[in-house]
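Thanks for coming, everyone. Let me put the model up, and then we'll walk through it.

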Amino acid sequence: MTDPTGDDVPAVLVVVGTRPEIVKLAPVIRSLRRTDALDDALVHTGQHYDDELSGSFFETLSLPAPDVSLDVGSSDQSRQTADALAGLGDVLRSRDPDVVLAQGDTNTVLAAALATSKHTARFGHVEAGIRSFDRSMPEEVNRVVADRVSDWLFAPTSTAVDNLAAEGLTEGVVETGNTVVDACLRHRELAAESSDVLDRFDLAADEYVLSTIHRPRNTDDRERLRTIVETLDSAPYPVVLPAHPRLQNALGTLGVEPTGSLRVVDPLDYLDFLALLSDARLVVTDSGGVQEEASILEVPCLTVRPNTERPETVDAGVNELVEPTALGDRLRRLCAHDDERREMTGAPTLYGDGEAARRIVDTLVEELEA
């Protein structure tokens with residue numbers, strides 16, 4: 001691209017593939033669109049195969065439609081990564097960007113990092129340095145590999161910076177805060193204005209539980225999943241569980257039909273989900289992103305996992321790791337005891353001040369100009 005003065009402007013290619021990536025990179029995309037110092041284009045790999053989980057987001061969040069869509073879709077992880085890698089390689093050859101940005105730990109991020117490492121462009125990893133220290137998680141492998149081939153490591157927290165340093169990665173590290181804060185603050189306002197989800201579900205603020213379960217550790221282990229479902233179904237408040245496709249498939253073979261508190265619903269529009277999370281009494285999840293959002297919105301969080309790549313939330317006391325067999329006791333106590341529940345709130349700035357996107361774009365402008 002050429003700016004009005006006739007000078008060439010560095011080109012930035014933003015790569016997304018899933019709902020969390022679209023949400024968390026939305027502030028970066030908006031910030032890029034506000035500067036004349038960089039040209040930007042958006043590539044969507046289509047890793048999420050349900051339009052409710054990705055495609056509709058661009059319109060919902062007032063984002064530009066992708067310049068390139070690869071339609072990788074769902075398949076086994078190796079093939080999905082390979083298809084995204086091949087498709088992104090073609091895009092890099094045809095567009096020849098100066099910078100590629102991707103966020104998080106998905107197969108799309110891994111493919112973007114590897115494809116860029118074979119090109120002259122430089123790679124910026126947004127949310128670098130996050131670690132669960134559990135290599136059995138595909139996401140952990142993806143984020144570790146992406147960090148290894150990154151030119152800019154945009155770390156969300158000091159803990160992430162320390163994790164990178166422990167691995168010998170200190171060059172190109174910039175602590176920015178997490179773009180999830182930028183996104184939550186902006187999108188919470190949109191949700192409050194446009195969502196009527198509480199009325200549709202006949203719910204009252206602070207008198208229901210929100211849940212998300214989608215990790216293979218929970219969905220692929222029949223006994224873990226059975227315990228989680230039965231526990232949620234016996235909760236003292238209504239529990240709303242938007243069902244990720246992986247969970248829908250697992251529930252179909254489990255043979256457990258909720259008859260109590262649990263309402264399994266179709267995947268929700270993001271703004272509806274954010275509105276539900278904002279007014280929930282507490283959230284039960286295995287999602288990394290929801291752990292972050294809950295801390296920002298000051299909603300107590302129970303994470304049904306043995307570990308987390310968001311240890312800051314646990315250290316701050318706003319998130320607890322629980323096994324399925326212990327979930328019922330903690331769920332009932334937090335529903336019944338307001339004092340304990342209030343103790344698990346109060347960390348809205350744990351991941352920054354809402355200026356992460358600006359810091360990322362400012363870094364690119366300064367270093368590319370230099």
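The lining of the largest pocket splits into 16 nonpolar, 19 polar and 11 charged residues. Here Ala, Val, Leu, Ile, Met, Phe, Trp, Tyr, Cys and Pro are nonpolar, Asp, Glu, Lys and Arg are charged, and the others, Gly among them, are polar. Keep in mind that this is a predicted model: local features need pLDDT of at least 70, side-chain atom pairs count only at pLDDT 80 or more, and totals for chains, interfaces and linings use all residues. Numbering starts from 1 along each chain as its sequence is written, and side-chain values use heavy atoms, without hydrogens and water.

How much space lies in the largest pocket? About 1,200 Å³. A pocket is an open set of points on a 1 Å grid over the protein atoms alone, where a 1.4 Å probe fits, with protein on both sides within 12 Å along at least five of seven lines; lining residues have an atom within 4 Å of a point. The volume is the space filled by probe spheres set on the points, joined across faces, edges and corners.

Of the 46 lining residues, T18, P20, H48, H214 and H244 are closest to the centre. Helix 1 (19-33) gives the largest share, 5 residues. Other helices supplying at least two include helix 3 (77-95) and helix 12 (270-279). Helices are DSSP runs of H or I, at least four residues, numbered from the N terminus.

Where does the pocket lie? Domain 1 (11-178 + 352-369) and domain 2 (186-343) both contribute to the lining, so the pocket lies between them. Those bounds come from an automatic or database assignment. The C-alpha centres of the two domains are 27 Å apart.

Last, a helix pair. Helix 10 (222-233) and helix 11 (245-254) pack at about 95°, axes 11 Å apart. Axes are lines fitted to C-alpha atoms over the stretch in contact, and angles run from 0 to 180 degrees between N-to-C directions. The pair is therefore roughly perpendicular, a term for 65 to 115 degrees. Helix 10 uses R222, L225, R226 and V229.

Conventions:
Angles under 35 degrees count as roughly parallel, over 145 as roughly antiparallel, 65 to 115 as roughly perpendicular and the rest as oblique. Contact means heavy atoms within 4.5 Å.
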